[in-house]
Every structure is written in C-alpha cells, then in structure tokens.
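Subject: Structure for your review

Dear colleague,

Please find below the structure that I am handing over to you, followed by an account of what was found in it.

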Amino acid sequence: MLIVQKYGGTSVGSLERIENVAKRVAKARDEGNDLVVVVSAMSGETNKLIDYAHHFSKTPSKREMDILLSSGERVTASLLAIALQEMGYDAVALTGRQAGIRTDGAHTYARIESIDTSAIEKQIQKGKIVIVAGFQGINDEGEVTTLGRGGSDLSAVALAGALRADACEIYSDVDGIYTTDPRIEPKARKLDYISYDEMLELSSLGAKVLQNRSVELAKKMGVKIIAKSSFSDGPGTIIAEENDSMEAVLVSGIALDKNQARVSLRDVTDRPGIAAEIFNRLAEEQINVDMIIQNASKEGTTNLGFTVPQSELERAKQAIATFDHDLGGADYDENVCKVSIVGVGMKSHSGIAAKAFSAMAENNINIEMISTSEIKISMIIDEKYGELAVRVLHETYQLDR
Ligand code: ADP
Ligand code: ASP
Ligand code: MG
C-alpha cells in the first residue's frame, strides 16, 4: 500500500515527539508500506514566527511572510528524516518545491493548482520514505507560498489525491472527530464516520481539527481521510461520502468559532446597488463576510449587519470608512462568537432550529444573528456564552448517546 500520513504540530511538538513519530512511521514501513509523510511545524512555531514579524511591522509583506512561515515545516521534515535515518531507515526530506507542489500566487493563503509527483515517485521507487514539509508550495514565478493556517492537512490530502494513495491518515492529539471539541465538552463522543459535507461545515464553522480546504479537496478528489491520534492506537474517524447510516443521524456535531466580529451599519441609504457597493468593496480587500442581515427599509434608510473574522476587522473598518456619506454610523463588536449545529439529517426534518432557539432561551443566551443552510444552523451570540452554548446544545440533541 501507498500511505500518506500527516502529523500535526502537537504530534511533532518536541524532539521526543518527533522520535515517537519516527517510530510510528518505521512501524508502518515494517508492515511493508510505501510512505509519504507530511509534517507541520512544531506546535506554537508558526505563531512565534508571526509574532516575530509583527515585532517589526503591523503589516509585514506577504511574500516575506511565506518565506518565514514555510521554514517551520522544513525544520520538522528534516529532523524526522534524520531521526529515521539514524534508526536505519532510508528517508528523504523534501520542501514543498522539491515535492512538486504548485500553487496560485495568493501569498499566505495560496491554493494548490497542481502537483508534479515525479520527484516523489522517483524517491519511492528508490525505496525511500518520503518526508514532505507541509503547508507550502511555489507559485508560477517560483516564489514560496503557504496554504493558510492548518494548511498541512491540505498538503496531505492533495498529495494523497495526486499519488492515488491507498490511505490518507491525519494524525493529531485527538483520536478522531468528535461530536464537538472535547476540550469544551468532555462528554463529546467520537464518531466512527462523518460525511465530507458535515465535516466541511464543522471545519468551516470553527472546528480546527481539519482545515476546511483540505476537506473540500478530499471531497472533490474522492480522498478518504482517516483522522487518528499520534499518541494512541485506535480506528479513528473515517471522513468519506455520505452513506445510509449517516442519514439516520439528525445532528452530528456542534462547532464554535471565536474568531468572529460583528459589524452593524446604521441608517444606510436605501437605494439599488448600495449592498453591492459595500460588499464588493469588502471583497476587493479579501475580507470574508459571513452572516448578513438587512432590515426592512424605513424612511429611505435601512440597517445592515454582518460578521467578519476578527483578524479582518481592522481592514473591514477601513473599507467601511469609505462609505461615510451613505451611512448614519457604524458599530463594531469583537465580543461575539458563532455556535453552529451541523447534521445531514436536517435536510429532511423540521423543528431542529426551534429546539436550538428554545435551548438558548432557557439558558438566557441572547441570539444576535441566525443563518441556516441545508445542513447547518449558526447563531451569533455573546462570546462569553460560547462554551456554555456548545454544552447546552450538545445536551439538547443528546449527542453524548
Ligand atoms: P494539529 O496541530 O495536529 O493539526 P489541531 O490542533 O489543528 O491539530 O486540531 C486538533 C484539535 O482540534 C483538538 O485538540 C481539539 O481540541 C480540536 N477540535 C475542535 N473540534 C473538534 C472536533 N469536533 N473533534 C475533534 N477535535 C476537535
Ligand atoms: N504550521 C501551520 C499552522 O500552524 C500549518 C499547519 O500546522 O498545518 O497553521
Ligand atoms: Mg491542524
């Protein structure tokens, strides 16, 4: 079998842990498999590098950020290869460039466009265990790019797809996908299976256990992901196409996203094209607008509210400032979070949303905004009630059973 394994930051967070990973890789090798191993930077390393850059600049150039951040993954890839070599295994470490990973030009948030697998295949044919530095590639100009936070998951899925690997195993500090973050709700239950669509919603709505883009790509390429722990042995969770048993579940998980800020625009001139102008302006600044609410117009003006990631709020404020003549005023609130309920079963059942709203009411949690799709319900609430809301909803839908 050809197996792609990915080890996240916690799993390679110290020299002892890199050694632990080396032993796991060696074991999979001894079982007769070909291996491509993708590694993250040691935990905390990427944040440390970002802090270093911010010491010099509030807005460091993205090109240089990519060179800086990609170094974290190179450290672990080379150390893991060295550790394996010392154990008597033939391993080779490759950077994103050497692994043939080509991306678009969006520095710090690049998309993988193609992978030239010939270099990796050559190494596999030579009998090597291939270690790839995750989270990085190069663009058309040969510049280093990175794939957004959590991007090593994407590297692993893309490599598994391009190499037509038999398995794509993603190792972290949890032994699978749970009904909610087990750090928030200890009663969270591990799932055996979850569909791509549900996982994609959970990841996009704040469950960082898998990067959302990696799930999107896995679905597109039909790569079956297995989420496992690098600290224990167990079957993990399979992320794959929806099947019959999944449909029986109404709600499969709860996600919490604390990286949210609310923007409220008061007395917006109500004329055709105003919303387009505002949201096009935000799009030009690459600000990800999420929930949008517009009230019915009164005396030619309306109120418009939406959410953006907290990290993009400063830029949103600047973009909104250019609309002064069209606004009565703008308020910003960073103390909000988004709690979401996800489940494919919602497609065919009513009353799930009402149940969530009642549970919030019984706990005196005010809902500031609501949005729904076929398989999710999201609510914006005061940040200080976020974790409580997760536990309340977990109980409401009896997800521990
Ligand atoms: P890595 O560093 O290996 O990429 P992450 O820290 O990105 O790992 O993801 C693992 C973490 O995701 C867990 O420690 C857990 O707290 C969190 N998490 C959030 N939601 C979930 C969920 N539904 N199931 C499992 N883990 C979750
Ligand atoms: N090191 C990068 C990050 O912390 C990528 C990853 O770990 O997947 O976001
Ligand atoms: Mg991660």
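Lys 258 and Glu 387 form a salt bridge in this predicted model, with their closest N and O atoms 2.8 Å apart. Lys 258 belongs to strand β13 (residues 253–269) and Glu 387 to helix α12 (residues 386–396), so the pair ties together parts that are 129 residues apart in sequence. Both partners are partly exposed: Lys 258 has a relative accessibility of 38%, and Glu 387 one of 31%.

Across the whole structure, the search finds 28 salt bridges. Side chains of opposite charge can pair when their charged atoms come close. One such bridge joins Glu 45 and Lys 48, at an N to O distance of 3.2 Å. These two residues are three positions apart in helix α2 (residues 45–56), which means that about one helical turn separates them. Glu 45 is partly exposed because its relative accessibility is 22%; Lys 48, at 34%, is partly exposed as well.

A further salt bridge links Arg 401 to Glu 395, with 3.5 Å between the closest N and O atoms. Arg 401 is exposed, at a relative accessible area of 57%, whereas Glu 395 is partly exposed at 37%. Through salt bridges that share partners, Lys 187, Glu 395, Asp 400 and Arg 401 are joined into one network.

Two ligands are described next.

Ligand 1 is surrounded by 18 residues, of which the closest are Gly 8, Asp 173, Tyr 178, Asp 181 and Arg 183. By class, this shell divides into seven nonpolar, six polar and five charged residues. Oxygen atoms of ligand 1 take part in several polar contacts: a polar side-chain atom of Lys 6 lies 3.1 Å from an oxygen, a backbone N or O atom of Gly 9 lies 3.2 Å from an oxygen, and a side-chain N or O atom of Lys 208 is 3.2 Å from an oxygen. On its own, ligand 1 has 570 Å² of accessible area, and the protein covers 90% of that.

Ligand 2 has around it Ser 40, Ala 41, Thr 46, Glu 73, Phe 135, Arg 149, Gly 150, Gly 151 and Ser 152. Its shell comprises two nonpolar, five polar and two charged residues. The side chain of Thr 46 places an N or O atom 2.8 Å from a nitrogen atom of ligand 2. An oxygen atom of ligand 2 lies 3.0 Å from a polar side-chain atom of Ser 40, and a polar backbone atom of Gly 151 is 3.3 Å from an oxygen atom of the ligand. Taken alone, ligand 2 exposes 260 Å², of which the protein buries 86%.

Elsewhere, a polar contact of 2.8 Å connects the side chains of Thr 103 and Thr 145. Thr 103 is part of strand β4 (residues 101–103), and Thr 145 of strand β8 (residues 144–146). Thr 103 has a relative accessible area of 0% and is therefore buried; Thr 145, also at 0%, counts as buried too. The C-alpha atom of Thr 145 is separated by 36 Å from that of Met 369, 224 residues away along the chain.

Finally, Leu 15, Val 75, Leu 79 and Ile 82 make a nonpolar surface patch of about 350 Å². Helix α3 (residues 62–86) supplies the largest share of this patch, three residues, and Ile 82 is located in that helix.

Yours sincerely

Conventions: Residues are numbered from 1 along each chain as its sequence is written. Chains are lettered from A and ligands numbered from 1 in the order in which they are written. This is a predicted model: local features need pLDDT of at least 70, side-chain atom pairs count only at pLDDT 80 or more; totals for chains, interfaces and linings use all residues. Side-chain values use heavy atoms; hydrogens and water are left out. A residue is near a molecule or strand if one of its heavy atoms lies within 4 Å of it. A polar contact is a pair of N or O atoms within 3.5 Å; within protein, one must be able to donate a hydrogen and the other to accept it, and residues adjacent in sequence count only if both atoms are side-chain atoms. Accessible areas come from the Shrake-Rupley method with a 1.4 Å probe; for residues, only the protein chains shown count as cover. Ala, Val, Leu, Ile, Met, Phe, Trp, Tyr, Cys and Pro count as nonpolar, Asp, Glu, Lys and Arg as charged, and the others, Gly among them, as polar. Patches are made of residues with over 30% relative accessible area and no salt bridge: like charges are joined within 9 Å, nonpolar side chains (Val, Leu, Ile, Met, Phe, Trp, Tyr) within 5 Å. A salt bridge is a side-chain nitrogen of Lys or Arg within 4 Å of a carboxyl oxygen of Asp or Glu. Helices (H or I, at least four residues) and strands (E, at least two) are DSSP runs, numbered from the N terminus. Buried means under 20% relative accessible area, exposed over 50%, partly exposed in between (1.4 Å probe, protein chains only).
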